[in-house]
Amino acid sequence: MAIDVTEASFEREVIERSRTVPVVVDFWAEWCGPCRTLSPALEAAETARSGKVVLAKVDVDANQALAARYRVQGIPAVKAFRDGRVASEFVGAVPKAKVEELFDSLVPSRADELLAKGDELSLREAAELEPRRADIAVALARARLERGAEAEALEAVERFEGDFAAEGIAARVHLVEAGAGAEAFAALDRGEREAALEALLGEIEGADEETRADLRRAIVGILSELDPADPTGPRYRKRLAAALY
C-alpha cells in the first residue's frame with residue numbers, strides 16, 4: 001500500500017529509506033484525472049514485488065515546495081529513488097508496460113540474485129535464465145576454473161567475443177592447453193595480480209603469433225577487471241603495447 005509523504009516526512013520516508021529499498025514517488029493531485037488512471041498500475045506493480053519496492057505519494061498542491069525542488073512541471077510525475085537519488089522517472093499516465101519496466105529496473109532479477117550467490121549451481125541456473133549475459137558467463141567460467149574444469153570454463157565464455165573478461169578466460173584455457181602461462185595463472189589464482197601480469201608479459205617475447213594473441217587477450221582480460229581509477233591498468237597497458245609492438 002502506498003504511503004502518503006509530505007515535505008516534513010520526505011527525507012525520512014523517501015531519501016533515507018531508498019538507501020535500503022527503492023522508493024517510487026508518485027507526484028499527484030486530487031483534481032488530476034490522469035493521476036487517477038495511473039495509480040492502480042503503480043499500486044499493482046508495488047504489490048507484485050512483495051516489499052522489494054516502496055510506493056509513496058506526494059500531493060503537489062499540499063507540498064508545493066517539494067514539487068518545485070524536484071522540478072515537477074506536469075503530473076502525474078513518477079520518480080524512482082535509489083541510494084538517496086532519483087534513479088529513473090517518467091511523466092504522464094503511461095501504459096502499464098512502462099510502469100512495469102520502471103519497477104523491474106529497480107528490483108534485482110532472479111538471475112541477478114543467483115549471480116550474487118556465486119556458487120556454480122546458482123551460476124548455471126542464472127546462465128540458463130539469461131544466456132546472453134557475459135558477466136554471468138564469466139562468473140560461471142571462473143567457478144569452473146576453480147575446480148580445474150578448463151574445458152567447461154571455455155564452453156561458458158567462448159560465445160562472448162568482444163567481452164574482454166570472457167576473451168581473457170578463453171585465452172587462459174588456450175594457453176594452458178598449449179603449455180603456457182601456468183606460473184602466471186597460479187599467481188592470479190592466489191590473488192597476486194601483478195605477479196601474474198609480469199609472468200604473462202615475460203612470455204610474449206619469443207612466442208609464436210597465436211600464443212602472443214592469447215597472451216594479449218589474457219592480460220587485457222585481467223586489466224578489464226580493475227577499477228578505472230587503479231593506476232595498474234594504464235601502466236600495464238603501456239607495457240603490453242611496448243611488448244607487442
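Residues are numbered from 1 along each chain as its sequence is written, and side-chain values use heavy atoms, with hydrogens and water left out. Because the model is predicted, local features need pLDDT of at least 70 and side-chain atom pairs count only at pLDDT 80 or more, whereas totals for chains, interfaces and linings use all residues.

Helices (H or I, at least four residues) and strands (E, at least two) are DSSP runs, numbered from the N terminus. Helix H2 (33–48) contains Arg36. Apart from neighbours within four places in sequence, Arg36 is in contact (heavy atoms within 4.5 Å) with Glu30 and Trp31. The C-alpha atoms of Arg36 and Ala93 are separated by 8.8 Å, although the two residues are 57 residues apart along the chain.

Two loops carry local backbone features. In the loop between H2 and strand E3 (54–59) lies Ser50, whose phi is near 45 degrees, a positive value in a residue other than glycine. The loop between helix H3 (64–69) and strand E4 (77–82) holds Pro76. Ile75 and Pro76 are joined by a cis peptide bond, with omega about 0 degrees.

The later helices can be taken in pairs. Two packed helices are described by the angle between their axes and the distance between the axes. Axes are lines fitted to C-alpha atoms, for helices over the stretch in contact, and angles run from 0 to 180 degrees between N-to-C directions.

Helix H6 (residues 120–129) packs with H7 at an angle of about 150 degrees, their axes being 9 Å apart. H6 and H7 are therefore roughly antiparallel to each other; angles under 35 degrees count as roughly parallel, over 145 as roughly antiparallel, 65 to 115 as roughly perpendicular and the rest as oblique. On the H6 side Glu120, Leu123, Arg124, Ala126 and Ala127 meet Ile136, Ala139, Leu140, Ala143 and Arg144 of H7. This contact of H6 with H7 comprises seven nonpolar, no polar and three charged residues (Ala, Val, Leu, Ile, Met, Phe, Trp, Tyr, Cys and Pro count as nonpolar, Asp, Glu, Lys and Arg as charged, and the others, Gly among them, as polar).

For helix H8 (residues 150–157) and H9, the packing angle is about 150 degrees and the axes lie 9 Å apart. H8 is therefore roughly antiparallel to H9. The contact brings Glu150, Leu154 and Val157 of H8 to Ala166, Ile169, Ala170, Val173 and His174 of H9.

Helix H10 (residues 182–189) and helix H11 (residues 193–204) have axes that come within 7 Å and cross at roughly 170 degrees. H10 and H11 are therefore roughly antiparallel to each other. Ala184, Phe185, Ala187 and Leu188 of H10 make the contact with Arg193, Ala195, Ala196, Ala199 and Leu200 of H11. Eight of the contact residues are nonpolar, none is polar and one is charged.

Helix H7 (134–146), helix H9 (164–177), H10 and helix H12 (209–224) each supply at least two residues of the lining. H9 gives the largest share, four residues. The lining of the largest pocket divides into seven nonpolar, two polar and six charged residues.
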